[in-house]
Amino acid sequence: MRLFIAEKASLAKAIIEAHPGKIKSRDRLSVTMDNGDTVCWSAGHILTMRTPDMIDAEYKRWRVAPLPIIPREWPKLPDQEKKDLLANIGRLLKEAESVVHAGDADREGQLLVDEILQYFKFKGEVKRLLITDLNASAIRTAINEMRPNLDYKNLSSSAEARHRADWIFGFNLTRIFTCTTERGRGEIISVGRVQTPTLALVVNRDLLIENFISKPFYDVKARCVIKNGEITASWKPKENQEGLDEEGRVVDRGAISKLEKKLAGKVGRPRL
């Protein structure tokens, strides 16, 4: 049996619809085609990393002393909310002679199926199906152009490295900030590689708005008489113009007065 493992149910549905064969049977979590191919699916990451307290009972108590916590091994555990999907894939892998890896065409999609194959220690042939277009003809073309999954090992390694970096950064900094910060003692101060700098952007923007002080600035407009009527022109100051603030606006009323006197009654020519 050749087993297609899709990253999600919607992708599995597209593969089934594009498959040259017809549906022979189906159940709640997989579909078998009349040529023997079976299509099943995951739902995001159905394996999760251990938390510190799962690694060692010592880490159940939050203290600064044992930090940083850096695991020597990184075994993954079934997500209890998705264990039925994992069990189904495991059952099908026992019957499969080969696998078609149909994770999304990015590093996260590569890891998602690879970690399942590693979890069940699958030793058969694995091909990589890269789908970037859910059109049936595009999927058929992709099936005909599959390459060995091993060719994409670096993508999977990259995603795994990011996962481990997130783990080390998030768990360790969350614990040290929570244990050493006086304000809000007893509350967890969550720190994350992505969430914390993103939150900082929001906070800094809110502070700018909160501390904003309105400043008057000036603009010079001229009513210009032309052949067929009139137009209003706005003066654009040069970068080295005196009396500008950091945003390039004129804040010096004296500079405006000088300009008004200089331009009054002058004849100008447009630059083409």
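**View 1. Contacts of serine 98 in the predicted model.** Serine 98 touches Met1, Arg2, Leu3, Phe122 and Glu125, with residues up to four places away in sequence left out; a contact is a pair of heavy atoms within 4.5 Å. The residue lies in strand β7, which covers residues 98–102. Helices (H or I, at least four residues) and strands (E, at least two) are DSSP runs, numbered from the N terminus. Serine 98 is buried, with a relative accessible area of 14%. Buried means under 20% relative accessible area, exposed over 50%, and partly exposed in between, with a 1.4 Å probe and protein chains only.

The model is predicted, and local features need pLDDT of at least 70, side-chain atom pairs count only at pLDDT 80 or more, and totals for chains, interfaces and linings use all residues. Residues are numbered from 1 along each chain as its sequence is written, and side-chain values use heavy atoms, with hydrogens and water left out.

**View 2. Surroundings of leucine 3.** Leucine 3 is found in strand β1 (residues 2–6) and counts as buried at 0% relative accessibility. Leaving out residues up to four places away in sequence, leucine 3 touches Thr38, Cys40, Leu92, Leu93, Ala96, Ser98, Val99 and Val100. Leucine 3 and glutamine 241 are 238 residues apart in sequence, and their C-alpha atoms are 70 Å apart in space.

**View 3. The sheet of seven strands.** The strand order in this open sheet is β2-β3-β4-β1-β7-β8-β9, and the pairing is mixed. At the edges are β2 (23–26) and β9 (147–148), each of which pairs on one side only. Two strands pair if DSSP finds at least two bridges between them. Strands of a sheet pair through backbone hydrogen bonds, either parallel or antiparallel.

**View 4. Pairing of β7 with β8.** β7 and strand β8 (residues 125–128) run parallel and are joined by four bridges. Valine 100 has lysine 127 in β8 as its bridge partner.

**View 5. The hairpin of β2 and β3.** Three residues separate β2 and β3 in this hairpin. β2 pairs with strand β3 (residues 30–33) in the antiparallel sense, over three bridges. Arginine 26 stands opposite valine 31 in β3.

**View 6. Backbone geometry in two loops.** The peptide bond from leucine 67 to proline 68 is cis, with omega near 0°. Proline 68 is found in the loop between α2 (52–55) and β6 (76–78). Lysine 121 is in the loop between α4 (107–119) and β8. Although it is not a glycine, lysine 121 has a positive phi of about 55°. With 61% relative accessibility, lysine 121 counts as exposed.

**View 7. The chain as context for the close-ups.** The secondary structure comes to eight helices and 11 strands. The radius of gyration is 31 Å, well over the 19 Å that the globule rule gives for 272 residues, so the chain is more spread out than a compact globule. This radius is taken over C-alpha atoms, and the rule is 2.2 Å times the number of residues to the power 0.38. Along the principal axes, the C-alpha atoms fill a box of roughly 90 × 60 × 30 Å. Of the 272 residues, 32% count as buried. Among contacts between residues at least 6 apart in sequence, 65% join residues at least 24 apart.
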